[in-house]
Amino acid sequence: MASIPCTFQIPCSSKPVNSLPSLPKLSSKFLGSQKTLSWSRPSRIGPSNGSRTQCWFKFGKNGVDAEGAGIYGSQGRDDFDRDDVEQYFNYMGMLAVEGSYDKMEALLNQNIHPVDILLMLAASEGDKPKIEELLRAGAKYDVKDADGRTALERAVNEEIRDFILGFSVQKA
């Protein structure tokens, strides 16, 4: 079972907290009460003897993994949309390089599924984790763009091309 161990310590003191000199009293006509505004330290809750507590966070349906929890890699083909393409385009700095959204819009206007567009972009960037996520979601690496190029042909290098093909063979 996968878990993330964490350790934290909560110091506690039963001594009264000395406050800083208080500010002038402010009167409030609301409910006719007087309030004193002053500075104080936040209260500390827990043992003061230095004891420690350990906990484990369990992800997923059975506390197994991030994929089961819907955090990463649990999306299907139809869970990706145009917004995901734009977010990835921005995240990877493609807008800064291209100078406009023309390349992205051209791909989106070709009636190609967004997950396949994302695979083309990830392959051209050499983004292995994203490529793996998209292939798990059902992206197709043999879909062609307007220039007739696939994600394999857009791959930044031979290593990425082999990664896509190798992952696709493992998945089958």
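Two residues are in contact when heavy atoms of theirs lie within 4.5 Å. Keep that in mind as we walk through this structure, which is a predicted model.

Now zoom out for a moment. The protein chain has 7 helices and 4 strands, and reading along the sequence you get the pattern β-β-β-β-α-α-α-α-α-α-α. Of the 172 residues in the protein chain, 23% are buried. If you take the contacts with a separation of 6 or more, 63% of them are between residues 24 or more positions apart.

Let's look at how some of the helices pack. Start with helix α1 (residues 82–91) and helix α4 (residues 114–125), whose axes come within 9 Å and cross at roughly 15 degrees. Angles under 35 degrees count as roughly parallel, so α1 is roughly parallel to α4. The crossing of these two, α1 and α4, is left-handed. Who does the touching? On the α1 side you'll find R82, D84, V85, Y88 and F89, and they meet P114, I117, L118, L121, A122 and E125 in α4. Sorted by class, this contact of α1 with α4 has 8 nonpolar, no polar and 3 charged residues.

Helix α4 has another partner, α5. The axes of α4 and α5 come within 9 Å too, and they cross at roughly 155 degrees. An angle over 145 counts as roughly antiparallel, so α4 is roughly antiparallel to α5. This crossing of α4 and α5 is left-handed. From α4, the contact is made by V115, L118, L119, A122 and A123, and from α5 by K130, I131, L134 and L135. The residues of this α4 and α5 contact split into 8 nonpolar, no polar and 1 charged.

Let's stay with helix α5, which covers residues 128–136. Which of its residues are buried? They are K130, I131, E133, L134 and L135. E132 also lies in helix α5, but E132 counts as partly exposed because its relative accessibility is 24%. Leaving out residues up to four places away in sequence, E132 touches F163 and F167. Along the chain E132 and F163 are 31 residues apart, yet their C-alpha atoms are separated by 8.7 Å. After α5 comes G138, with a positive phi near 105 degrees.

Next, the inside. In soluble globular proteins, nonpolar side chains tend to be buried together. Here, the largest nonpolar core has 28 residues, and V85, I117, L119, L121, I131, L134 and I164 touch the most other members. At least two residues of this core come from each of α1, α3 (102–108), α4, α5, α6 (151–154) and α7 (158–171). The largest share, 8 residues, is supplied by α4.

One last stop is the loop between α3 and α4, where you'll find N111. Is N111 buried or exposed? N111 is exposed, because its relative accessible area is 75% and anything over 50% counts as exposed. N111 also has a positive phi, near 60 degrees, in a residue other than glycine.

Conventions: Residues numbered from 1 in each chain as written. Predicted model: local features only at pLDDT ≥ 70, side-chain atom pairs only at ≥ 80, totals over all residues. Heavy atoms only, no water. Axes fitted to C-alpha atoms, helices over the stretch in contact; angles between N-to-C directions. Parallel < 35°, antiparallel > 145°, perpendicular 65-115°, else oblique. Left-handed = near helix turned anticlockwise from the far one by under 90°. Nonpolar A, V, L, I, M, F, W, Y, C, P; charged D, E, K, R; others polar. Buried < 20%, exposed > 50% of the residue type's maximum accessible area, 1.4 Å probe, protein only. Core = buried A, V, L, I, M, F, W, Y, C linked by side-chain atoms within 4.5 Å.
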